[in-house]
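User: I'm new to reading protein structures. Could you go through this one with me, one question at a time?

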Amino acid sequence: MSIFGRKDRQHYLLELYKISDQQSASDFDTQELVLQAVELLENLTGVKADNFSLNYSSKSYKTIRGFKSQFQRYKEVVYCYVGFNSNETNTYFTVSNPLLNYLKNAKRPDNSAIGISFQVDENLIGDIKIQTLAEQLIKKFPFEYGYIHKFLTRKFSGEKRLKKGLFSTSVSVDEMDHLWTNHQIGITNGYLKKLYLINYINQSHNSNPTISELTQSYGQNNQISDNIGKWKVTNEELQELINLEELLDSCIVTEDCRFLNNPKSTQFKTKMTVEE
């Protein structure tokens, strides 16, 4: 059996975010981010990128040259997908810049989040290399928050649980997705999405007394850049921490959706959504 066919196969999820307004969304160099991410992941895994597509197009390209040519045809690039022999390895990354996804005169929110999301098979990369990937990008691009975690591939796509049908599997947008996308600006106001094994946090988190105290009491802390530190916890610490009420109060996504009762929730949602 192929190493990629094992039932206990896992993948790393790495996600990095930057809160954007219209100007920073327009100024962000998506092409350079994609090129840098491809080079890093190819060097770390030894697998070549072989599938590039933009703006949800069904047309894709197999080479960097084709990707660059395709990129120049678009006035705005809202979404990019890059696969690495993904049919076999299930390894890929996506880049999204949602504020560019509006018609010229359409009403749009004040803020959104530029994000890059990696799913990388554990057989291609280990704990040290996935952190290297994250931290090289943090040092080269203005990301403000991120995390790394591992998930069982037969049950999850990224961190979303797969729904199995008779002939296929799928994922769907649910309440937790909306809770996160509507309040992402909280990551610059001292809130975590939720706690993961590795968390890349900014100064606003250090200014949150709860998180500041917990980072001193649990796990390991390292400064990655002038603005971003790494908080790494063990599996045992994670299981303890995710049951602490004070931590849950500093998270945007929880099973009980308690953040919706926080007065900040309305403020954040107003900035990140458009009134219908």
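User: What percentage of the residues in the protein chain is buried?
Analyst: This is a predicted model, where local features need pLDDT of at least 70, side-chain atom pairs count only at pLDDT 80 or more, and totals for chains, interfaces and linings use all residues. Residues are numbered from 1 along each chain as its sequence is written, and side-chain values use heavy atoms, leaving out hydrogens and water. Buried means under 20% relative accessible area, exposed over 50%, and partly exposed in between (1.4 Å probe, protein chains only). Out of the 276 residues in the protein chain, the buried share is 51%.

User: How many helices and strands does the protein chain have?
Analyst: Helices (H or I, at least four residues) and strands (E, at least two) are DSSP runs, numbered from the N terminus. Counted like that, the protein chain has eleven helices and 13 strands.

User: What is the radius of gyration of the protein chain, and what would a compact globule have?
Analyst: The radius is taken over C-alpha atoms, and the globule rule is 2.2 Å times the number of residues to the power 0.38. With 276 residues, that puts a compact globule near 19 Å, and the chain agrees, with a radius of gyration of 19 Å.

User: Which residues does Phe-93 contact, leaving aside its neighbours within four places in sequence?
Analyst: Contact means heavy atoms within 4.5 Å. With those neighbours set aside, the partners of Phe-93 include Val-34, Leu-41, Val-82, Ile-116 and Phe-118, and the rest are Ala-37, Val-38, Cys-80, Tyr-81, Phe-84 and Ser-117.

User: Is Tyr-56 buried or exposed?
Analyst: Tyr-56 sits in the loop between β2 (51–54) and α3 (64–71). Its phi is positive, about 65°, although it is not a glycine. Most residues other than glycine have a negative phi. With a relative accessible area of 59%, Tyr-56 is exposed.

User: Where is Asn-90 found?
Analyst: Asn-90 isn't a glycine, yet it has a positive phi of about 55°. Asn-90 is partly exposed, at 27% relative accessible area. Its place is the loop between α4 (86–89) and β4 (92–96).
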